[in-house]
Amino acid sequence: MPRPHLTEPGTRSVAMRLVDLLVAVLLLAGLAVLATALLREESAAGRAHAIDGDTLELGGTRMRLAGIDAPELHQTCTRDGQSWDCGIAARRALAEALRSGPVTCTHRRRDKYGRPLARCMVDGQDIAALLVSQGLAVSYLDTRYAPQEAAARAARRGLWAGRFKRPVEYRAAHPR
């Protein structure tokens, strides 16, 4: 009986099938390693200081608080017909929170400037949630802090006591 050629439809050698299986296993292993690296959460802890209302420095690394947007450092807002330095007030509030004790930040992603987008805690308190509840930051690209923002708005705290441009709008009108 003649042997079939490998090019004939439906005829593949056992060796070819094993090679295909090996390639599939290697691809799956590579994807698993990549997924693990992408989902890996990094953390840092220690004393931190405020750079602006939503950026801090911890262990020599600048980190952006994820899920919020605070007024830019030189941004002003209006309350009772008067201008006030809402950007400075936001930085002050962050600095005060950071003085409460050691800070622990965790992150998985980075922003367009390479800064970790972190969730930071001090004394069991989510710092971003604290700033939003004080009305000195707004929820941003995330709904996690929407309840704190709604409460601050209803109580007319911080930014909500007057008029302000959302920080993203302020940055668009005042590029660096």
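Buried means under 20% relative accessible area, exposed means over 50%, and partly exposed lies in between (1.4 Å probe, protein chains only). These legends describe a predicted model, in which local features need pLDDT of at least 70, side-chain atom pairs count only at pLDDT 80 or more, and totals for chains, interfaces and linings use all residues. Residues are numbered from 1 along each chain as its sequence is written, and side-chain values use heavy atoms, with hydrogens and water left out.

View 1. Leu141 sits in the loop between strand 11 (138-139) and helix 4 (146-155). Helices (H or I, at least four residues) and strands (E, at least two) are DSSP runs, numbered from the N terminus. Leu141 counts as exposed because its relative accessibility is 77%. Asp80 occupies the loop between strand 6 (77-79) and strand 7 (82-84). Asp80 is exposed, at 72% relative accessible area.

**View 2. The whole protein chain.** The chain has five helices and 11 strands. Of its 176 residues, 35% count as buried. Contact means heavy atoms within 4.5 Å. Among contacts with a separation of 6 or more, 53% come from residues 24 or more positions apart. The chain exposes about 11200 Å², and carbon and sulfur atoms supply 57% of that area. Accessible areas come from the Shrake-Rupley method with a 1.4 Å probe; for residues, only the protein chains shown count as cover.

**View 3. The disulfide of Cys77 and Cys86.** A disulfide is a pair of cysteine sulfur atoms within 2.5 Å. The whole structure holds two of them. Here the S to S distance is 2.1 Å. The link is right-handed, with 70° about the S-S bond. Cys77 is buried at 2% relative accessible area. Cys86 is buried too, at 0%.

**View 4. The disulfide of Cys105 and Cys120.** The two sulfur atoms are 2.1 Å apart. This link is right-handed, with 115° about the S-S bond. Cys105 lies in strand 8 (residues 103-110) and Cys120 in strand 9 (residues 116-122), so the pair ties together parts that are 15 residues apart in sequence. Cys105 is buried, at 1% relative accessibility. Cys120 is buried, with a relative accessible area of 1%. With the bonded cysteines numbered in sequence order, the pairing is 1-2, 3-4.

**View 5. The largest nonpolar core, with 34 residues.** A nonpolar core is a set of buried Ala, Val, Leu, Ile, Met, Phe, Trp, Tyr and Cys residues joined through side-chain atoms within 4.5 Å. Leu56, Leu65 and Ile127 have the most contacts inside this core. Elements giving it two or more residues include strand 2 (48-52), strand 3 (55-58), strand 4 (61-65) and helix 3 (127-133). Helix 2 gives the most, with seven residues. Leaving aside neighbours within four places in sequence, Ile127 is in contact with Leu65, Leu94, Ala97, Leu98, Val103, Cys120, Met121 and Val122.

**View 6. The salt bridge of Arg171 and Asp69.** A salt bridge is a side-chain nitrogen of Lys or Arg within 4 Å of a carboxyl oxygen of Asp or Glu. The whole structure has 10 salt bridges. In this one, the closest N and O atoms are 2.9 Å apart. Arg171 lies in helix 5 (residues 167-173) and Asp69 in strand 5 (residues 68-69), so the pair ties together parts that are 102 residues apart in sequence. Arg171 is partly exposed at 26% relative accessibility. Asp69 is buried at 0%.

View 7. Arg115 and Asp111 meet through their side chains (2.6 Å, N to O). Both of these residues, Arg115 and Asp111, are buried. Arg119 pairs with Asp126, the closest N and O atoms being 2.8 Å apart. Arg119 is partly exposed, at 38% relative accessible area. Asp126 is buried, at 7% relative accessibility. Elsewhere, salt bridges that share partners join Asp54, Arg64, Asp69, Glu72 and Arg171 into one network.

**View 8. A nonpolar surface patch of Val14, Leu18 and Leu21.** Together these residues have about 310 Å² of accessible area. Patches are made of residues with over 30% relative accessible area and no salt bridge: like charges are joined within 9 Å, nonpolar side chains (Val, Leu, Ile, Met, Phe, Trp, Tyr) within 5 Å. Leu18 is placed in helix 1 (residues 14-39). Leu18 counts as exposed, at 51% relative accessibility.
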